[in-house]
Amino acid sequence: MNSAVIDFRCPVADEDSTPAPERVLAGSPRARVQNHYTDAGGRFYAGSWSGTPGKWRVVYTEHEFCHLLEGRVVLTSDDGCRWEFRPGDTWVIPAGFSGTWQTVEPASKLYAIF
């Protein structure tokens, strides 16, 4: 069992990603993920994410804790509830959330996913 503290200041490999084309509603969103931690069972992840403007459909099968470092994002649920987040804002997206994620301004966040 590894009991070392995970220090986000230590570099990790970047992973580039884009939403599946059929989910994209506006723009050409691109993201870069630096996953700093994955537990042995593959159920818990933590790291940093940055993304470019765009809007896409999301369906969450996991719980995600987010802390926005820069930029602006808007989440809108399928039932029309809307949340706008700016630097310093913190939120949780529960498993089962379905709607849209819009990166309005280039953004970066810290995340923890279970």
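I start with a definition: buried means under 20% relative accessible area, exposed means over 50%, and partly exposed lies in between. I keep in mind that this is a predicted model.

**Entry 1**

I looked up Glu105 and found a relative accessible area of 34%. That value falls between the two cut-offs, so Glu105 is partly exposed. Its side chain meets that of Arg72 in a salt bridge, at 3.5 Å from N to O. Glu105 is in strand E9 and Arg72 is in strand E6, so this pair ties together parts that are 33 residues apart in sequence. Arg72 has a relative accessible area of 19%, so I write it down as buried. I then followed the links outward. Arg72, Arg82, Glu84, Arg86 and Glu105 are linked in a network of salt bridges.

**Entry 2: other salt bridges**

How many salt bridges does a search of the whole structure find? The search finds nine. I picked out two more pairs to read closely.

The side chains of Glu64 and Lys109 meet at 2.7 Å, N to O. This pair links distant parts of the chain, with Glu64 in strand E6 and Lys109 in strand E9, 45 residues apart. Are these two residues buried or exposed? Glu64 is buried, at 5% relative accessibility. Lys109 is buried too, at 4%.

The side chains of Arg32 and Asp16 form a salt bridge at 3.1 Å, N to O. Arg32 lies in strand E3 and Asp16 in strand E1 (residues 15-17), so the pair joins parts that are 16 residues apart in sequence. Arg32 is partly exposed at 40% relative accessibility, and Asp16 is exposed at 53%.

**Entry 3: the nonpolar core**

I moved on to the largest nonpolar core, which has 18 residues. Which of them touch the most other members? I noted Trp49, Val73, Leu75, Trp91, Ile93 and Trp101. Strands E3, E5 (54-59), E6 (64-77), E8 (90-93) and E9 (98-113) each supply at least two residues of this core. I recalled a general point: in soluble globular proteins, nonpolar side chains tend to be buried together.

I checked Trp49 in detail, leaving out residues up to four places away in sequence. Its contacts include Trp56, Trp101 and Tyr111.

**Entry 4: a surface patch**

Last, I looked at the surface. Ile6, Phe8, Tyr37, Leu69 and Leu110 form a nonpolar patch there, with about 380 Å² of accessible area together. Tyr37 sits in strand E3 (residues 31-38). Tyr37 is partly exposed, with a relative accessible area of 30%.

Technical notes. Residues are numbered from 1 along each chain as its sequence is written. This is a predicted model: local features need pLDDT of at least 70, side-chain atom pairs count only at pLDDT 80 or more; totals for chains, interfaces and linings use all residues. Side-chain values use heavy atoms; hydrogens and water are left out. Patches are made of residues with over 30% relative accessible area and no salt bridge: like charges are joined within 9 Å, nonpolar side chains (Val, Leu, Ile, Met, Phe, Trp, Tyr) within 5 Å. Accessible areas come from the Shrake-Rupley method with a 1.4 Å probe; for residues, only the protein chains shown count as cover. A salt bridge is a side-chain nitrogen of Lys or Arg within 4 Å of a carboxyl oxygen of Asp or Glu. Helices (H or I, at least four residues) and strands (E, at least two) are DSSP runs, numbered from the N terminus. Buried means under 20% relative accessible area, exposed over 50%, partly exposed in between (1.4 Å probe, protein chains only). A nonpolar core is a set of buried Ala, Val, Leu, Ile, Met, Phe, Trp, Tyr and Cys residues joined through side-chain atoms within 4.5 Å. Contact means heavy atoms within 4.5 Å.
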